[in-house]
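Here is a short briefing for a first look at this structure. Keep the sequence and the 3D view open while you read.

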Amino acid sequence: MNTTIAPDLSPDLCQIDLGIGGMTCASCVTRVEKALKKQPGVSGATVNLATESARVTLAGPDDTQTLARLKRAVRDAGYEPRAMDAPDELSPAGWLGVPQDLWPVLAGVLLSAPLALPMVGDLFGKHWMLSAWLQFALATPVQFWLGARFYKAGWHALKALTGNMELLVAIGTTAGWALSTWLWWRAEPDEMVHLYYEGSAVVITLVLLGKWLEARAKRQTTSAIRALQALRPENAHLVPDGVKRTEMTDVPVDELLPGDVIRVLPGERFAADGELLLGHTQADESMLTGEAMPVPKQPGDAVTGGSLNGEGSVEVKVRAVGAQSVLAHIIALVQDAQAGKAPVQRLVDQVAAVFVPVVLVIAAVTLGGWLWAGAPVEEALLYAVAVLVIACPCALGLATPAAIMAGTGVAAQHGILIKDAQALEIAHRVDTVAFDKTGTLTEGHPRLLRIEGVAGVDEVAVLQAAAALQAQSAHPLARAVLDAARERGVTAGAAEDVQAVAGRGSQGTVQGARLALGSQRWMAELGVALEPVAAAVQTAQAEGATVSLLASQGADGRWSPLALLAFGDEPKAGAAEAIATLRAQGLRLFMVSGDNAAAARAMAARLGLKDDAGEVIAEVLPGDKAAVIARLKQGGHVVSMIGDGVNDAPALAAADVGMAMSHAQGGSSDVAMHAAGITLMRGDPALVAAALDISRRTVRKIRQNLFWAFAYNAAGIPLAALGYLSPVLAGAAMALSSVSVVSNALLLKRWQPPAR
């Protein structure tokens, strides 16, 4: 069991994840949810059949009594509360090396096979009927020993005035066993009477076999989580302070602290997030980001815990451990998505709430109808039993969560983290994609191309003043100024009273002069006379450069231009191809940029975006991006916004599906990731098309599963009621339906991102 304060929740809310054992169908899910929601302090509860877990939202902090009440509610509903961190591995081997959970199935097969043998003999004209007492001896252990789980769960359902799969199986097989026992009891001593023990025994065995196969298949849907968890090494080589660098102490990873220095040997996995201190190497980050090629690492570069070290022996300073690490964050996002419930699941829940009672009515009508038509009691009862058995709603409960688990898992393996099931379901309907420019479609490393000063202004003095104003800024253009000053050996001057103006620039006092550095738009707002630099600005913008202006304020309060700073950025490798791929899919495409129109148009032309079609939206302040997204959504369009920075967060939240893209420095803004429904772990625009593709394929699997689950019951129940299906065939069909639904979902594991 895990208790978390979710980042998207109010501080007054917290979530508890609780494992639940014993659920078998959609009706079980509904019953557990109702039981949890009745508890004091619970504001919401979502139960997932595929993960066998519940996520409970509390209106306030949890305490020991709250946890105890939730456990008690689950147990009273007929299920077993358990820890979420319980290992989800294959069942341990038992006697003769056979998995422990397989033994009940094998026992059922051994006891039921002799009962089913006469049916096989009838196909060849052989009469191998067993004596009544032997049939009774074989069928009774299957019915009341192996089938005890159905009676127990069915009894809990009856007490709660609901129904579930076990109740249908228990009623149906008990009716068959009781009918056979009654026919045997009333028969004459030497009379040969046809009994139906084999139907009940074989149905129970088939259901047990189906649930075992289903459990094995469900474990495969969680393989992505287990693979991510396996990336975290158990021990780290700690380099203690004050000793020889050759000495190391192996410590558990859980004992690492930020600031520790660890050594990572060739071929080992990095034990924690950190910064490379000594050595050069390459890191294989494919399991975290989906990037196939190793990434070169040198001192000062960030390394991610769980990634694989190459051929170099390196030392790393630990920056983040435990829940704060990138790997833990990835695992948490995948678990959240798999634990959530897609909107389409609401329909299934509504159907499941009334499904079992309706089936019981249909079975009663079937029994009465055949009796009214003059059929023998045993024949009418068998048809009613077939209705009960074939109608078990197992497949309905697995259709949606199995597909979501498989889809989110394979997406995570390729660097696409889907925050919740709702984002996954909405993404398949996206028809409009809006990109932020800097850091998303471009490298995000603008360079200072040139400085053009007004007559009499020294270029070095301009660079010194600009570096002083930008010294504390993290903006990409500020970094470009500081990089240029460092490369040219220019020392930044001291600035006082520096103020950053969002989306415009910064101003402050340098060597007694009041200076402002920012966009042409801001300069116009300040009343700067732009005529002296107008021609240079126009030339730079025509070349695709981003222009900033440095201005000074005179004693009379008026501003005058001092210099023009022209910056250049490069499109990301593959950005143009990614745009072409999305265009080929018929999507509307837009680039939203704070740059001036001329620079934005020049970059758009290199990327394949069409300014004449209105695909370039320039000179947009960060606070106005959300309004742009709202405008794009008009007319019923479903919009996805792709961005990478803090200033993109409002637009990401305003979009139907926000995608936070990792920038070139590694990782994306935490604010952007929280606002977005999908996180792209690589700064590769091609992942946008991949994210939309896996969404479409996952939703397609959900629809396929739901169609076949509903179609199976829609066709099977009438056939059973009309006498075309025996209880044995109905049991086999019911078991097959659950396995087929999970197997169909597992086909998603073969998904690969579309080739460029």
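Glu315 is buried, because its relative accessible area of 5% falls under the 20% cut-off. Its salt-bridge partner is Arg263, with the closest N and O atoms 2.5 Å apart. Arg263 is buried as well, at a relative accessible area of 14%. The model shown is predicted.

**Salt bridges**

- A search of the whole structure finds 16 salt bridges.
- The bridge between Glu315 and Arg263 links distant parts of the chain. Glu315 sits in strand β14 (residues 314-320) and Arg263 in strand β8 (residues 261-264), 52 residues apart.
- Asp436 and Lys625 also meet through their side chains, at 3.0 Å from N to O. Asp436 belongs to strand β16 (residues 432-436) and Lys625 to helix α21 (residues 625-632), so this pair ties together parts that are 189 residues apart in sequence.
- Asp436 counts as buried at 6% relative accessibility. Lys625 is buried too, with a relative accessible area of 4%.
- Glu615 and Arg583 form a salt bridge of 2.8 Å, N to O. Glu615 is in the loop between α20 (597-607) and β24 (616-617), while Arg583 is in helix α19 (residues 575-584), so the pair joins parts 32 residues apart in sequence.
- Is Glu615 buried or exposed? Glu615 is buried, with a relative accessible area of 8%. Arg583 is partly exposed, at 25%.

**Aromatic pairs**

- The whole structure holds six aromatic pairs.
- The rings of Phe144 and Tyr151 are stacked, because their planes meet at 15°; their centres are 5.7 Å apart.
- Phe144 is partly exposed at 40% relative accessibility. Tyr151 is also partly exposed, with a relative accessible area of 26%.
- Trp370 and Tyr383 make a tilted pair, with ring centres 4.5 Å apart and planes at 50°. Trp370 lies in helix α11 (residues 345-372) and Tyr383 in helix α12 (residues 377-390), so the pair ties together parts 13 residues apart in sequence.
- Trp370 counts as partly exposed at 23% relative accessibility. Tyr383 counts as buried at 15%.
- Which residues do ring pairs link into a cluster? They are Phe136, Phe144, Tyr151, Trp177 and Trp184.

**Surface**

- The protein chain exposes about 33400 Å². Carbon and sulfur atoms supply 58% of that area.
- Leu719, Leu722 and Tyr724 form a nonpolar patch on the surface. Together they have about 350 Å² of accessible area.
- Leu719 lies in helix α24 (residues 686-721). Leu719 is partly exposed, with a relative accessible area of 39%.

**The chain as a whole**

- The protein chain has 25 helices and 27 strands.
- Buried residues make up 51% of its 756 residues.
- Take the contacts between residues at least 6 apart in sequence: 69% of them join residues at least 24 apart.

**Confidence**

- The chain averages a pLDDT of 81, and 86% of the residues score at least 70.
- Residues 3-9 have a pLDDT below 50. Beyond near neighbours in sequence, this stretch has 14 contacts in the model.
- Over residues 664-668, pLDDT stays under 50. The model has 12 contacts for them beyond four places in sequence.
- Where pLDDT is low, predicted coordinates should not be read in detail.

Definitions and conventions
Residues are numbered from 1 along each chain as its sequence is written. This is a predicted model: local features need pLDDT of at least 70, side-chain atom pairs count only at pLDDT 80 or more; totals for chains, interfaces and linings use all residues. Side-chain values use heavy atoms; hydrogens and water are left out. Patches are made of residues with over 30% relative accessible area and no salt bridge: like charges are joined within 9 Å, nonpolar side chains (Val, Leu, Ile, Met, Phe, Trp, Tyr) within 5 Å. Accessible areas come from the Shrake-Rupley method with a 1.4 Å probe; for residues, only the protein chains shown count as cover. A salt bridge is a side-chain nitrogen of Lys or Arg within 4 Å of a carboxyl oxygen of Asp or Glu. Helices (H or I, at least four residues) and strands (E, at least two) are DSSP runs, numbered from the N terminus. Buried means under 20% relative accessible area, exposed over 50%, partly exposed in between (1.4 Å probe, protein chains only). pLDDT is the predictor's confidence in each residue, from 0 to 100. Contact means heavy atoms within 4.5 Å. Rings of Phe, Tyr and Trp (its six-membered ring) pair if their centres lie within 6.5 Å; planes under 30 degrees apart count as stacked, over 60 as edge-to-face and the rest as tilted.
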